[in-house]
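Here are my notes on this model, as numbered points. Please read them with the structure open.

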Amino acid sequence: MRKLFIVVSISLGIYADAQENVKKDSIKTDTIKHWSVLGKNSLLINQAAFSNWVGGGANNVGWLAGANYNITYEKDKDLWENIIVLNYGQNNTKGLGTRKTQDVLSVSTNYGRQFSKSWYLSGGASLQSQFSAGYEDGNNPSAKKISNFMAPGYLNFGLGITYRPNDNLTVTMRPANARWTLVLDEELQTAGNYGLKQDGDSSLLQFGFLGTALYKVKLMEDIYLTNTASVFSNYLDHPDRFVLSYGALLNMKVNRFISTNITLDVLYDHNQIQKTQLKQTLGVGFAYTLDNGVKRSDRKDSQWWIKK
């Protein structure tokens with residue numbers, strides 16, 4: 001949990017720095033703000049209790065904490081987008097103990113220089129991992145450990161192009177992308193595990209094509225669907241073995257502080273397991289949004305049609 005609080009603190013620090021930059025820009029000009037900051041923080045709780053219930057059941061209580069930030073700088077032909085996604089949750093069931101239900105650590109940054117309307121030459125990096133150990137048999141700590149913090153961890157660095165016509169759609173294609181798989185837990189450094197070539201290896205380097213997409217849509221009032229997808233193909237070894245992922249987040253806002261989230265994640269990675277992985281969560285709880293109010297439509301330097 002210490003790692004979770006450290007990363008949250010870093011994300012809040014980035015947010016504070018962005019806010020400071022917004023203030024400085026505001027001093028220079030009253031009409032253009034270049035920093036757009038949107039952060040959603042949530043705490044979801046679920047609970048069930050039974051007493052003499054003939055139908056059966058076990059008392060349980062669970063929680064899920066999350067932080068999702070999008071911090072974007074846009075001025076003239078420059079576009080710099082940073083995304084931070086942190087999620088961690090547990091469930092305690094009588095007779096079974098505590099189990100992990102959600103564990104996501106994802107940070108990405110992408111800088112682009114515009115060369116045509118909505119098109120940018122871009123370069124960026126990303127990190128995906130988790131905060132704590134994962135086990136077979138439903139994350140049972142007494143079972144075999146299969147994952148841990150930075151085991152695996154995925155580092156991507158690449159160059160390509162980005163298409164971003166508006167705040168709701170971003171597509172990035174990197175024909176030159178290095179992907180490092182890190183396995184820093186010595187217990188998991190065995191040949192074949194996460195693609196490692198031999199026992200004792202702590203990393204695997206791949207080079208290939210990476211494509212990512214983010215699409216947000218408003219289904220109806222206070223109901224939003226955010227879709228993310230990615231595909232990676234390794235030029236150096238079995239380029240036909242795509243690493244595919246898709247994520248969907250359905251957010252239904254009750255009021256300013258209460259919302260319902262439904263998530264769906266689908267993943268296929270031949271080096272992890274030769275099966276399609278599926279994860280789904282549902283939660284109702286407290287949510288708070290940090291928003292500095294800057295939208296793409298507010299930036300006069302982004303409104304290309306005005307200049308014609």
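1. Cavity, composition. This is a predicted model. By class, the residues that line the largest cavity divide into 2 nonpolar, 4 polar and 2 charged. The lining itself consists of Leu79, Glu81, Asn110, Gly112, Tyr120, Thr162, Arg164 and Thr170.

2. The structure has 1 cavity of 30 Å³ or more. Which strands each supply at least two residues of its lining? They are β3 (78-93), β4 (97-116) and β8 (153-166).

3. Overall make-up. The protein contains 2 helices and 14 strands. It has 308 residues, and 38% of them count as buried. Take the contacts with a separation of 6 or more: 54% of them come from residues 24 or more positions apart.

4. The β10–β11 hairpin. Strand β10 spans residues 203-220 and strand β11 spans residues 223-234. The two run antiparallel and are joined by 12 bridges. They form a hairpin, with 2 residues between the strands. Look at the turn: Asp222 has a positive phi there, of about 65°. Further along the pairing, Val217 stands opposite Leu225 of β11.

5. On to β12. Strand β11 also pairs with β12, again through an antiparallel arrangement, here with 10 bridges. Ile223 has Met252 in β12 as its bridge partner. Strand β12 covers residues 243-253.

6. Asn251. This residue sits in β12. Is Asn251 buried or exposed? Its relative accessible area is 15%, so Asn251 counts as buried, the limit being under 20%. Its side chain makes a polar contact of 2.6 Å with the side chain of Asn261. Leaving out residues up to four places away in sequence, Asn251 touches Asp222, Ile223, Tyr224, Ser259, Thr260 and Asn261. One of these, Asp222, is the turn residue with the positive phi. Another, Ile223, is the bridge partner of Met252.

7. Ser147. Strand β7 (residues 145-147) holds Ser147. The relative accessible area of Ser147 is 9%; Ser147 is therefore buried, since the limit is under 20%. Which side chain does the side chain of Ser147 meet in a polar contact? That of Gln130, at 2.9 Å. Beyond four places in sequence, Ser147 is in contact with Gln130, Ala133, Gly134, Pro152, Leu188 and Tyr194.

8. Leu155. Leu155 belongs to β8, a strand that also supplies at least two residues to the lining of the largest cavity. Leu155 itself is partly exposed: its relative accessible area is 24%, and the buried class needs under 20%. With residues up to four places away in sequence set aside, Leu155 touches Ser126, Leu127, Ala178, Arg179, Trp180 and Leu182.

9. Points to check on screen. Start with the turn at Asp222, then go to the Asn251–Asn261 side-chain contact. Next, view the Ser147–Gln130 side-chain contact. Finish at the lining of the largest cavity, including Glu81 and Arg164.

How values were computed. Residues numbered from 1 in each chain as written. Predicted model: local features only at pLDDT ≥ 70, side-chain atom pairs only at ≥ 80, totals over all residues. Heavy atoms only, no water. 1 Å grid on protein atoms, 1.4 Å probe; cavity = no way out; pocket = protein on both sides within 12 Å on 5 of 7 lines; lining within 4 Å. Points joined across faces, edges and corners; volume = space filled by probe spheres on them. Helix = DSSP H or I, 4+ residues; strand = E, 2+ residues; numbered from the N terminus. Nonpolar A, V, L, I, M, F, W, Y, C, P; charged D, E, K, R; others polar. Buried < 20%, exposed > 50% of the residue type's maximum accessible area, 1.4 Å probe, protein only. Polar contact = N/O pair within 3.5 Å; in protein donor to acceptor, adjacent residues only side chain to side chain. Contact = heavy atoms within 4.5 Å. Pairing = 2+ DSSP bridges.
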